[in-house]
Every structure is written in structure tokens, then in C-alpha cells.
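Let's take a friendly walk through a protein model together. Have a look at the picture first, and then read on.

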Amino acid sequence: MTQSQTPSSLDAVLKRYEPVIGIEVHCQLKTASKMFCGCSTSYADAAPNTHCCPVCLGLPGALPTINKRAVEHVLATGAAIHAETPPATRWDRKNYFYPDLPKGYQISQYDLPLAAHGRLSFQTSEGEVTIGITRAHLEEDTAKLVHSTNDAGRRVSLIDFNRSGAPLMEIVTDPDVRSAEQARRYAEELQALLRAIGASDADMERGQMRVEANVSLRPRGTEPFGTRVEVKNMNSFRSVERAIAYEIERQAAALDAGETLTQDTRGWNEDRGTTYVMRSKEDSHDYRYFPEPDLPPLRVDAAWLATIGAALPELPAARRARYEADLGLSGYDAAVIVGDGRATELFEGARAAAPDADPKTLANWVTGAYLGILKTKPAAAARVDAGQLADLVRRVGAGELSGTNAKEVFAAHAADGASVASIVDRRGFRQISDTSTLGPVIDEVIAANPKAVDDYRAGKPVLGFFVGQVMKATRGQANAALVQAAVKERLDGGSGS
Ligand SMILES: [Zn+2]
């Protein structure tokens, strides 16, 4: 699904120009404590400035210590993208002044990243694409600036240091990306991978994964890169695709008009659907990188690396292939389930609880009902239990619960976490499959609709109407297949009794 604004003009542009795009992703790593101090990273709903200490406040004399778990997450990412890790890496100071950076420098990695020369492959509407990954390195996050108005009506900027020093991984691609769709798919695939290996929750809307793109154009058939523009502030996968498509068109129009592009940093305005200049090249920093004197070089021994590589779980590409080949899921269902860690967990959990259930039926529940709830009511989705879903699917399969009622039970389970068994009992949902109960209802429905009976005998397709009436009379609890057979038998029999 392409989401560019004016596909026709974009198509015309792409005939003449080739986009050259590189992607930078920053993601928050899943660790209990921050990168260089013991402060907790569970600050998402905390009051400002309640998760900080002398180290992450940058107070003089405070010394950093390395978070081993964060290093392992980057090494695991490196292994998953087939990157190389040098035997020794080190930390560097990236110097710049900004109020959200209390030390006046960020501890990062400059020329010896923990992972380099990797790659990531994924499917697009035009087939499989492989993007080279230049590097993945570890650094610390900045504090958060909050702009507001104080009681006296003055505009103020406040600083919340809870995020200061949280571990961040930066992943940079080679300039291999050639379309807005590839950029979106790369970001989606990277998210799936980071979630699969447990390195990051990588939720874009929550700022756990921030995507930036360097976009330039060159006339088709030429080698030299054009002037590149950095695009920021894309807060969803959809924004990534829209912003880059917009930027490609904007640059092409400027080049066609004979203008010279400037090397700007531009922000994406989601509401207006345009990019705007945030900074021009004149503002660019010289970061004066130099080795961090407070931390030793980091040696990564081969045994540690091998242990991390061996512990990698099944990666998204392999899992998709298995779902299609072994479980018979469609490519679409496999991609949707693997694309969301929570969906994968629910699907795998339900499969484990009900090994005999049809995988396609389980997949339908996960991609339909579950992801529907996840989009609109994430809190309710979190209550959905794999064992309960397995029970629900088993009851439908055994003819104890109708499909219609099963949907209602699923929604009720998500609403308060109640068990499927208790909801079925409470609502009196029991699929009626015995003919002695259904018989009189069917007879009544037939007797009440003589015109439909005539229609049926005249060859009109009204069987569904009768089934619908019986379902209505039994509040959706009748076994629909059984009712259909019974109605047909009576009407074909001719008596109508
Ligand atoms: Zn701290």
C-alpha cells in the first residue's frame, strides 16, 4: 500500500530521478537502568526529575559505569543483521551545547562502533530488498525539554532529566534505500527485529524509535549524489513514507526549475503534509569528537559474542517463512503477525495451548479481532490471554459456541479479563445443536413465512433468510450449519408440517 500524496506526479518524477536515501534510527534499549548510572529507566509515567542522579545530571566529578545489558543488546542486534564487531571498541565524547545535555557532551561511539557492515532484507511490493547497514552504536539519550506557559503567562522551557542518560542505539544504513516505500518497510522490519530479540519495544508513537532520513535525488543513470536533505519528526511508519514521498517531489520540482538545493534539516508536518526548514547547513556542528577519558576501551571477547549469537531467537524473516511453509498461513497473515511482537506472542501462546487448532483459524482471530482491539484499546488488548483464546477457538471448533457469539465473548474477555468459560455461562451462550430444541423453532419460522417458502420452491436463494430468522429467534445460539440442513430438508420434503 503506497501512501504518497499524489502518486501520479511521483511516478513521473521517478522516471527521471533516482532517490538516494539513507536512514538513521535511534531506539531506546530495554534495560532496567540507564546507560552509565543506576537510575531506573521506568520513568514513562513518572513525575519530572524523579529518576536522576549526579551522573545523569552531569554534575562535576560524577563518573560513568557501563551498562552491560545495553552493550549486549547492540551486540545481539549486530549478530541479527550479520554485522561485524571489532575485538575492541571505545567510547567518544560528542561535544555540543544544548540545555538538554547537562555535561556539554554526549557519550557516544565515533569510529569504532559495536557493530558495522551489516544488512537487513525485507519484502516490498516490488519484491525482496536488501539494505546495507553501515553501523550500530551505543550512546546515551538527552534530557527532555518541555515548552509551556507559566502561571504568569510567560513562555517557559522546562527540563525533565528522567530520560537523560537512558541507553540509545543508533542504527545507520548505507545510502541504499531507493523509495519511500522501501524506507517505511525498512523501519517496520527493523522494529520487528528489535522486538523479536528483545532489544527495544521500538514504539514510534511513544518515541522509543525515532526515524530520520537523508534524501537526495540524482538523474537516472548518473552516479554522483545530489544535495542531501535530512528529514526529521516522522512519528509513525505512515509519516516516514509520506514525508519521504513529499521530499522526493519537492526536490524534483526544485531541480526541474533550475534551483540549487540547500543541505537543510527539515521537519515533517503531519497535518499539513509538508516538510519545512528546521536548520540550514550554516548551523551544523563540529562535534570535536575525542575518546572518553572516564571509560576504558571495551573489549568484546569472541566467546561472549558467540554466546549472544547462539541465544538469538527465531528472527522475523525466518518466522514468516515458517508460518507460510509449515502452518499454511498466507504471506499477508504471516507478515501481520510477525510484524507485531504482541500478535506473535498471542499467536504462539494460543498455538502452544491448543496444538490441534487450525493455525489459520487462530491467525484470523489474531489479525482480526485482536489487532482491531490493539489499535483502538491497547489496555484491553493487553488483557487478552493466549490460553483463553485457545479455549474460545476450541469451543467454536467443537460446535459449542457460534461464530457470532464467539466474537462477543472475545470482546467481553478483553474488556475485563474474565475467562471464556465464565462469560459463556454468564451470558447463557451455548450453541444449540440438538434437533429436538431447534425443530420447533424452525417449524415456526417456516410457518410464519409462507411467501419465502413459495420463493424457495420457485428456485430463489432464500435459504439464508430462514437461517437468519432462526438465528434471530435463538439469539444467535443455533448451530447455523445444522439449521441450514434442517430447513432445507423440511422445504425439500414439501410437507412444511
Ligand atoms: Zn542517574
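Two residues are in contact when they have heavy atoms within 4.5 Å of each other. Helices (H or I, at least four residues) and strands (E, at least two) are DSSP runs, numbered from the N terminus. This is a predicted model, in which local features need pLDDT of at least 70 and side-chain atom pairs count only at pLDDT 80 or more, while totals for chains, interfaces and linings use all residues. Residues are numbered from 1 along each chain as its sequence is written, and side-chain values use heavy atoms, with hydrogens and water left out.

**Helices that meet**

In helix 6 (residues 316-327), Arg319, Arg322, Tyr323 and Leu327 meet Thr344, Phe347, Glu348 and Arg351 of helix 8. The table describes two helix pairs; axes are lines fitted to C-alpha atoms, for helices over the stretch in contact, and angles run from 0 to 180 degrees between N-to-C directions.

| Helix pair | Angle | Axes |
|---|---|---|
| Helix 6 and helix 8 | roughly 35° | come within 13 Å |
| Helix 8 and helix 9 | about 140° | 10 Å apart |

On the helix 8 side, their contact includes Leu346, Phe347 and Ala350, and on the helix 9 side it includes Leu362, Val366 and Tyr370.

**The zinc site**

Which residues hold the zinc ion as protein donors? They are Cys37, Cys39, Cys53 and Cys56, each through its SG atom, lying 2.3 to 2.4 Å from the zinc ion. Donors are N, O and S atoms within 2.8 Å of the metal (3.2 Å for Na, K and Ca); water is not among the atoms, so sites may look incomplete. Along the chain, the donors follow the spacing C-x1-C-x13-C-x2-C. The arrangement is tetrahedral because the 4 donor atoms subtend angles of 100 to 115° around the zinc ion; four donors count as tetrahedral if all angles lie between 85 and 135 degrees.

Cys53 is buried, at 18% relative accessible area, and Cys56 is buried too, at 4%. Buried means under 20% relative accessible area (1.4 Å probe, protein chains only).

How many disulfides does a search of the whole structure find? It finds 0, where a disulfide is a pair of cysteine sulfur atoms within 2.5 Å. The sulfur of Cys27 has its closest cysteine sulfur in Cys37, 19 Å away, so the two are too far apart for a bond. Cys27 is buried, with a relative accessible area of 0%.

**A buried arginine**

Arg218 is found in strand 10 (residues 209-219) and counts as buried, at 7% relative accessibility. Leaving out residues up to four places away in sequence, Arg218 touches several residues, among them Arg16, Tyr17, Glu18 and Phe225.

Conventions. Four donors count as tetrahedral if all angles lie between 85 and 135 degrees; four count as square planar and six as octahedral if opposite donors are over 155 degrees apart and all others between 65 and 115; anything else is irregular. Buried means under 20% relative accessible area, exposed over 50%, partly exposed in between (1.4 Å probe, protein chains only).
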